[in-house]
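Work through the exercises below with the structure open. Try each task before reading its solution.

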Amino acid sequence: MKRVSLADIAKSAEVSKSLVSLVLNDRGDDHGISKSTQKKVRKVADKLNYTPNSMARSLRTGKTDTIGLIIADIGNPFFARLARSIEDFAFTKGYHLIFSSSDESAALEGQLIEMMRNRQVDGLIISSTLVQNNCQILHSLQAENFPFVLIDRYIPNTDFSYVVSDNEQGTVDLVQHLVDQGRKKIALYSITPSHLTSITDRIAGYKKALTLNNIPIDPQLIIEIPFDNIQKVKESFDLLERKKVDAIITLNNSLAHICLKSCQERGIRIPEDISFTSFDNVDWFDLVNPGVTGVQQNIEAMGEKAVEILMNKFKNKAHKSSKELLSVQLKIRQSSQT
């Protein structure tokens with residue numbers, strides 16, 4: 001079937017091709033085209049089942065109406081939900097999403113940024129694994145006025161726009177809840193790369209809360225688990241028994257899953273023997289018995305805010321940096337109540 005062209009619409013509507021182009025590109029008002037004529041052109045376009053040639057349009061406007069999203073791991077429920085939130089909100093703004101996972105690799109992240117640029121995305125939303133001394137590619141994007149926003153993590157001592165949760169306060173609230181339940185030996189399961197601000201801020205919150213409650217910080221109870229080998233959690237449980245740990249905090253839902261499984265395998269009762277909590281609040285926290293106490297991030301607001309910032313950058317390439325810190329909420333369930 002022959003593709004309907006602007007010329008076909010112009011012939012049927014008895015107007016010029018350039019007028020059709022202006023109307024269908026929402027520039028009719030700017031050029032003084034009457035509302036009745038615009039309505040007539042759009043009615044003809046609908047009748048002929050006209051679909052815009054996106055490639056031709058992007059060549060003409062320099063826009064592709066696509067956003068690139070780079071996240072750490074699309075298999076993680078947190079990132080999957082975040083990606084969906086961004087995709088849904090971007091669609092309401094007329095944009096489509098191209099996304100990839102970096103697997104917490106700085107090298108792969110750089111390659112993905114270049115790939116997205118080659119595919120001519122209009123802007124980027126990045127959950128970055130980069131740090132201050134290796135984020136030259138982001139400085140280059142900023143120098144070119146290429147729109148991008150960091151999400152879930154930020155890079156300290158830079159002027160990059162970001163949207164993140166209040167990770168420190170969320171962990172303070174989690175520790176305080178455990179202390180209020182009479183727990184004093186609290187192990188923290190962290191995950192590498194440990195330089196990520198989402199992790200460093202949570203560790204800072206853990207230490208701050210212990211200090212506020214006059215509980216000594218035991219470095220051995222801050223247990224780092226490699227991102228690509230969370231099975232190492234099981235090897236750490238001998239330490240928990242030696243230290244007589246009475247509470248666990250995991251810093252993401254992947255760690256929570258394997259820690260709970262390890263507790264079951266060891267016959268550790270929750271919460272009778274050990275209170276169990278996690279930063280994150282994924283669906284299955286409500287489904288297990290006992291339900292898991294967690295810190296709920298406002299994922300939808302995070303995705304929407306990142307898209308909004310990007311939209312502002314599209315309108316004004318010199319738009320100043322935006323730095324958004326979103327509040328979190330403690331969801332208390334049976335796993336931490338003694």
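**Exercise 1. Find how the axes of helix α6 and helix α7 cross, and which residues make the contact.**

Keep in mind that this is a predicted model.

Step 1. Locate the helices: α6 covers residues 106-118 and α7 covers residues 136-143.

Step 2. Take the geometry. The two axes come within 10 Å and cross at roughly 25 degrees.

Step 3. Classify the angle. Angles under 35 degrees count as roughly parallel, so α6 is roughly parallel to α7.

Step 4. Assign the hand. The α6 and α7 crossing is left-handed.

Step 5. List the contact. α6 supplies Gly-110, Ile-113, Glu-114 and Arg-117, and α7 supplies Ile-137, Leu-138 and Leu-141.

Step 6. Sort the residues by class. The contact of α6 with α7 has 4 nonpolar, 1 polar and 2 charged residues.

**Exercise 2. Work out the strand order of the open sheet, and say which strands stand at the edges.**

Step 1. Count and order the strands. The open sheet has 6, in the order β2-β1-β3-β4-β5-β11. Their pairing is parallel.

Step 2. Find the edges. β2 (96-101) and β11 (323-326) each have a single partner strand, so one side of each lacks a neighbour in the sheet.

Step 3. From one strand to the next it averages 15 degrees.

Step 4. Zoom in on one pair. Strand β3 (residues 123-126) pairs with strand β4 (residues 148-151) in the parallel sense, over 3 bridges. Leu-124 stands opposite Phe-148 in β4.

**Exercise 3. Describe how helix α2 and helix α3 pack.**

Step 1. Two packed helices are described by the angle between their axes and the distance between the axes.

Step 2. Apply them. α2 (residues 17-24) and α3 (residues 35-47) pack at about 90 degrees, with axes 10 Å apart.

Step 3. Classify. The range for roughly perpendicular is 65 to 115 degrees. α2 and α3 are therefore roughly perpendicular to each other.

Step 4. Name the contact. In α2, Leu-19, Val-20, Val-23 and Leu-24 take part. They meet Thr-37, Gln-38, Val-41, Arg-42 and Ala-45 in α3.

Step 5. Sort by class. The α2 contact with α3 has 6 nonpolar, 2 polar and 1 charged residues.

Methods
Residues numbered from 1 in each chain as written. Predicted model: local features only at pLDDT ≥ 70, side-chain atom pairs only at ≥ 80, totals over all residues. Heavy atoms only, no water. Axes fitted to C-alpha atoms, helices over the stretch in contact; angles between N-to-C directions. Helix = DSSP H or I, 4+ residues; strand = E, 2+ residues; numbered from the N terminus. Parallel < 35°, antiparallel > 145°, perpendicular 65-115°, else oblique. Left-handed = near helix turned anticlockwise from the far one by under 90°. Contact = heavy atoms within 4.5 Å. Nonpolar A, V, L, I, M, F, W, Y, C, P; charged D, E, K, R; others polar. Pairing = 2+ DSSP bridges.
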